[in-house]
Structures are given as structure tokens and as C-alpha cells.
Amino acid sequence: MKSITANDSIIHFNDICYIALNEHLKANNFSKIFILVDENTHELCLPIFLVKLETNAAIEIIEIESGEEHKTIDTCSGVWNTLSELDADRKSLLINVGGGVITDLGGFVASTFKRGIAYINVPTSLLSMVDASVGGKTGVDLGHLKNQIGVISTPNLVLIDTDFLETLPQNQMRSGLAEMLKHGLISDEKYWNKFKDLSKLSLKNLDELIYESVIIKKNVVEEDPFENGLRKTLNFGHTLGHAIESYFLSNSNKKDLLHGEAIIVGMILASYISTELIGFPKQTTEEIKTLFLSYYEKVTIDESEYQNIIDLLKYDKKNNHGNINFVLLKSIGTPKIDCLVDDAVIIDAFKFYAT
Ligand SMILES: NC(=O)c1ccc[n+]([C@@H]2O[C@H](COP(=O)([O-])OP(=O)(O)OC[C@H]3O[C@@H](n4cnc5c(N)ncnc54)[C@H](O)[C@@H]3O)[C@@H](O)[C@H]2O)c1
């Protein structure tokens, strides 16, 4: 039974999370409870969640369509309208039960409705447990550009019940695992080494790894809440990863690429660039590529598409004065932020990935 404090909110794990939830509901006299779900978490997670909920407050369920393409301001408008029609007031509580789309969008909706109502996040995907659960980032996409609109705000509670993962599709598990691998690469060789044989991973041994991953992210975020330095290291693999994700999302002839799948490509590219520019051991880059491609299908990116993806980098929110800042690695656990990288090196990195 574990709980940790991150920013101003408390993250509770497994057994303890429903005790904490019900105590919180008792201690705060919420006028009404709204639960935001998508159609998958409505069917697979909500029934489990409702059984654990102890409250006399009225409960309303709000469902939105699943998927990144629905993480938009239009969807927010729909939820704001529904809250309004159902008489939500400033003492209402929104509980977001779902993956990162639900917790990001629901957090944003709650933070802005009537200038902010209380909310609780119940991440049900691996990605939302190990990544979106910490750090207070909420928001939505703008067209095909990810997370362009949003605010930083913290939920009252975060409840991580890893039993929800039993129904999570395998590709979504792999997507979340990518962020855990990133946490190892940027901060902790010991943690990284636990992933050396990905075929041995199972739901049973994942609980502890999830907990450690949340701690790694929490430590980084707390040391640098405003992203001036250390927090930027969480962007390892994400500069190109986000551009690849946006590119695939905006091209109907490309297969759907999950966030984590794009980040895996981004991390292989960033490892190669680290070797070229700051002496990250070549052998380790080769090992990372081999390990990742043993578990993640290789993504086909044609040479003619490299420049289109590079062009998308200018929209990266982490850009500063027009410079595209990469996070690179000197060694495992030793990242270097604010690295400038020429297009030619990025193109070589794409070629390294492709061979
Ligand atoms: N706020 C942050 O710090 C932060 C960090 C990382 C990612 N994100 C955001 O998170 C989003 C990605 O998160 P995601 O991968 O969870 O996406 P998601 O919310 O789209 O969930 C992925 C899919 O899994 C389904 N699902 C979720 N839980 C399930 C369960 N237990 N059983 C069966 N199906 C389930 C969902 O319905 C959806 O179809 C992106 O929008 C990304 O920008 C935010």
C-alpha cells in the first residue's frame, strides 16, 4: 500500500486508492460528482470503479469518444455544455477515468469550468499511469499539433489501480512502456537494466516498475516545476517523436502510430544523435536500437518524408527563440539539455533507424 505526494496532489496506488478516495469524498461535501469516460473505459473500467465508490452525492456519467483525434477544444465545449446543462456548480467534482486523453482533457475542462472545479484523475492506461499522472499538465491539441492549448493544474488526487491494465490492449501497453524505458535512460541505469529482457515483463512484475517510474517522474518534476532545466530531460526522444506522431496523424495514408510507438523511434534517433554529437557510446545506441526493435515493430518512414518531419519541429513547444532544443545523452542516466542539432545529423539518424 503506497501513496506519494507530487506537486500539490497525492498519488495513491492500488489497495489504498479507494480508501483515500472515499475519505476524500467524505471530507469534501461535493454537490455533485461527474465522471468523464470514453466508450472503452465506460465499458471496461467504470463498472469496477463505481463498485468502489462510496458517496451519497448524485453521480452523472459523461462519455466522450476515445482517441487522440477527440482531444480537442470542440470536445471540451461538449463537456462544458453538458456540465452546465446538468447543473454543475463550483462545488462539483469531476473524476476522469481513462487514459491520457481523458485525464489531459478532463483536467483542462475542470480547471477552466467556472474558473476551476475540483478534479480527480484515475489513469487507466499504462501511459497515463506512469506519465500523465504526474506534473500537472492538462490540455488539448490544436488541429494536428499536440497539446498546444492547456494549463498547468493539479488534481486533488490521482488513483493508480494497476488492475485496470488487465483490459488494456497490448499495443497500448507497449505505448506506455516506452515512457518507462525513457525514465530509465534519462535518470537511472539500475532501473534501465530491469528492462534488458522485455520478453520477461508481465502484469505481475509491472506494479513495482510502475511505482518506480512514477517516482522518477515526480522527482524530476518537483526539482524543476517550471521546466527551466532538469524537467526538459523528460523530453528525451520526444522532439522528433512528437514530430513523427503529428506527421502520421495528419497523413491519412500512414498507419496509426501510438504516442509511445513514435517516442520509441524518437529515442532511437536521439541516441544516434547523442553518439554523433556528445560521445554517447555507439555500442549502447546499437543495443537500444536492437532492444527496442525486438519489441516494437519498425515504422516505415520514406527518405522523402524526413524533411517534412523535420519541418514540423518548429511547432515543438519546447523551442526557444526559434531554436530546436534536443535532449541528448552523455551516458545512461546523464542527459544533456538544450542541444542544437543540424538537419543533416537528423537525416543521418533517420537513415540509421531505417537500416
Ligand atoms: N499530461 C501529461 O503530462 C501527459 C504525459 C504523457 C502523455 N499525455 C497525453 O496522454 C495521451 C495518451 O495517453 P493514452 O495512451 O492513455 O491515450 P488514450 O487516453 O487515448 O488511451 C488509449 C486507448 O486505451 C483505451 N483504454 C484506456 N484505459 C483502458 C483500459 N484499462 N482497458 C481498455 N482500454 C483502455 C482508451 O479508451 C483509448 O482507446 C496523449 O494525448 C498525450 O499527449 C499527457
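Predicted model: local features only at pLDDT ≥ 70, side-chain atom pairs only at ≥ 80, totals over all residues.
Start by selecting Ser84, which you'll find in helix 4; helices here are DSSP runs of H or I with at least four residues, strands are runs of E with at least two, and both are numbered from the N terminus. Ser84 is partly exposed, with a relative accessible area of 44%. On that scale, buried means under 20% relative accessible area, exposed means over 50%, and partly exposed is in between, using a 1.4 Å probe and protein chains only.

Residues are numbered from 1 along each chain as its sequence is written, and side-chain values use heavy atoms, with hydrogens and water left out.

**Stop 1: the ligand**

How many residues surround the ligand? There are 26, and the closest are Asp38, Glu68, Thr124, Ser125 and Thr167; a residue counts as near if one of its heavy atoms lies within 4 Å. Color by secondary structure and you'll see that helix 2 (39-44), helix 5 (100-112), helix 6 and strand 8 each supply at least two residues of this shell.

- Lys71: a polar side-chain atom sits 2.8 Å from an oxygen atom of the ligand.
- Phe164: a polar backbone atom is 2.9 Å from a ligand nitrogen atom.
- Thr167: an N or O atom in the side chain is 2.7 Å from a ligand nitrogen atom.

On its own, the ligand has 860 Å² of accessible area, and the protein covers 92% of that; the areas come from the Shrake-Rupley method with a 1.4 Å probe, and for residues only the protein chains shown count as cover.

**Stop 2: Glu68 and its charged partners**

Glu68 is in the loop between strand 4 (58-64) and helix 4 (73-85) while Lys146 is in strand 8, so the pair ties together parts that are 78 residues apart in sequence. Both Glu68 and Lys146 are buried.

**Stop 3: the hairpin**

Strand 7 (residues 137-142) runs antiparallel to strand 8, with 5 bridges joining them; strands pair if DSSP finds at least two bridges between them. Click Lys137 and its bridge partner in strand 8, Ile152. The hairpin has 2 residues between the strands, and Gly143 takes a positive phi near 60°.

**Stop 4: Lys217**

Jump to helix 9 (residues 203-223) and select Lys217. Is Lys217 buried or exposed? It counts as buried, because its relative accessibility is 8%. What does the side chain of Lys217 meet in a salt bridge? The partner is Asp131, at 2.7 Å, N to O. This pair links distant parts of the chain, with Asp131 in helix 6 (residues 126-132) and Lys217 in helix 9, 86 residues apart. A polar atom of the Lys217 side chain also lies 3.1 Å from the backbone oxygen of Val134.

**Stop 5: Thr285**

Finish in helix 12 (residues 282-295), the place of Thr285. Thr285 counts as buried at 3% relative accessibility. A polar atom of its side chain lies 3.1 Å from the backbone oxygen of Ser271. Leaving out residues up to four places away in sequence, Thr285 touches Ser271, Tyr272, Thr275, Phe280 and Phe352, where contact means heavy atoms within 4.5 Å.

Key. Polar contact = N/O pair within 3.5 Å; in protein donor to acceptor, adjacent residues only side chain to side chain. Salt bridge = Lys/Arg side-chain N within 4 Å of Asp/Glu carboxyl O.
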